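Me: I want to learn how to read domains and helix packing in a model. Please take me through it in short steps.

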Amino acid sequence: MEAPRRIVIENCSIATVDAEDTEYASGHLVVNGSRIEAVGAGRAPKGLENVVRRVDASGHLLTPGLVNTHHHFYQWLTRGLATDHHLFDWLVALYPIWARIDEEMVYAAAQGSLAMMARGGVTTAMDHHYIYPKGSGDLSGAVVRAARETGLRFTLARGSMDRGASDGGLPPDFAVETLQGALAATEATIKEHHDASFGALTQVAVAPCSPFSVSTELLRESAELARSKGVRLHTHGSETVEEERFCHELFGMGPTDYFESTGWLGEDVWMAHCVHMNDSDIAAFARTGTGVAHCPSSNARLAAGIARVPDLLAAGVPVGLGVDGTASNESGELHTELRNAVLINRLGAHREAALTVRQALRLGTYGGAQVLGRAREIGSLEPGKLADLVLWKLDTLAHASIADPVTALVLGAAAPVTLALVGGEPVVENGRLVHVDEDAIACSTRTEARRLARITAQGPSS
Ligand SMILES: [Zn+2]
């Protein structure tokens, strides 16, 4: 048997985000190989063998790595466009650009998205990719390759759209796939990239885009495909009033009832946004264990509304946080979503305790692990779980005068990351990415964004 290889981190505050919210004002954590071996108060036990690294983490807060539950990497190339639009107008403005993406563009965009999240404390990323123009190359493969290179744990939500403009949908026809084509490609992606084992670095979910861009058949058959393969289901749900109206007009019911009628509620499902939910919708999510990816910045940017997160949590619905695509959240950072979740959910009179800073940290860690179906492996600092963790530096000008470290992290300015581990392997050291060159990525994303703009300016594809 291989000798244990231990990393000892000590002298830091620790928020474990376990079931009791156990915290240590000054504690230690021992990593053994890819897993957490011990966490507790005070210094690490003396006499540990095979310690390859000892980190004096004075002035830091140690938390589980952040888990992002909703994103669209390709949008990294179209940030800052259509800045004053609601969702449907924004989509109509951007689809003609997005329909021109190719493999090189998607690879660069994925690198940019992943790098930005990793340096901000994300250890598990996800990408909901749903635009596969004909002849655009291996887009899923490009995204998975970028994630592997960054060293993050990753869920690829293989999306799809088959309801083009001529079928009453929003996307232009040349940006959509056929029903059978989408299903076959999704099945092939699961076969090629999904790893069901404990500690998997890459998983795949089945993720048709939204009720207004996919057919009822594609929703139904996607659910059947995912369940036959034992993978999870993801989509956008109840994001805007326009979507609600669309569902009533087309299907004679609201989005949640429509999802239920197509087999889309269950503990293997999570949906982004869930802003426009009435009490019976929330009860249906709670009854079925359906999860939610809360994306406060994107919802505000597109004036979609405020998700009822306190009510979802009170009902027992699993809730994680999402950056969402960077065309509707240009920062692309998840740690700022901790703060925005607190602030947005407090808007309105007498809502000062609607969401606490510790609840926000839980949404960004354990809640995310829950909705991705990985709460046994990640999301809290507990012996036996994977060593996915972040050391936040809180002793500089930005945070040093705030006594409570969790408050400093959530309500203060974005804290620098001194160390981030994924499965015990460093992905960030002293604020810099370990495996990829941040400056080279900045350069290639700029080049690819300009190429996309140039191709789009030449006019629509035939
Ligand atoms: Zn989205």
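Reply: Start with contact: two residues are in contact if their C-beta atoms, placed from the backbone, lie within 7 Å. Helices (H or I, at least four residues) and strands (E, at least two) are DSSP runs, numbered from the N terminus. Here, Glu337, Leu338, Ala341 and Val342 in α11 meet Val357, Ala360, Leu361, Leu363 and Gly364 in α12.

Me: What should I know about the model and its numbering?

Reply: Residues are numbered from 1 along each chain as its sequence is written. The model is predicted: local features need pLDDT of at least 70, side-chain atom pairs count only at pLDDT 80 or more, and totals for chains, interfaces and linings use all residues.

Me: At what angle do α11 and α12 pack, and how far apart are their axes?

Reply: Two packed helices are described by the angle between their axes and the distance between the axes. Axes are lines fitted to C-alpha atoms, for helices over the stretch in contact, and angles run from 0 to 180 degrees between N-to-C directions. Helix α11 (residues 335-346) and helix α12 (residues 357-371) pack at about 130 degrees, with axes 9 Å apart. That makes α11 oblique to α12 (under 35 degrees is roughly parallel, over 145 roughly antiparallel, 65 to 115 roughly perpendicular, the rest oblique).

Me: How do α2 and α3 pack?

Reply: Helix α2 (residues 103-118) and helix α3 (residues 139-150) pack at about 35 degrees, with axes 8 Å apart. Residues in the contact include Val106 and Leu114 of α2 and Leu139 and Val143 of α3.

Me: Which domains does the chain have?

Reply: Domain bounds come from an automatic or database domain assignment. Domain 1 is 6-64 + 381-433, and domain 2 is 66-371. Their centres, taken over C-alpha atoms, are 29 Å apart.
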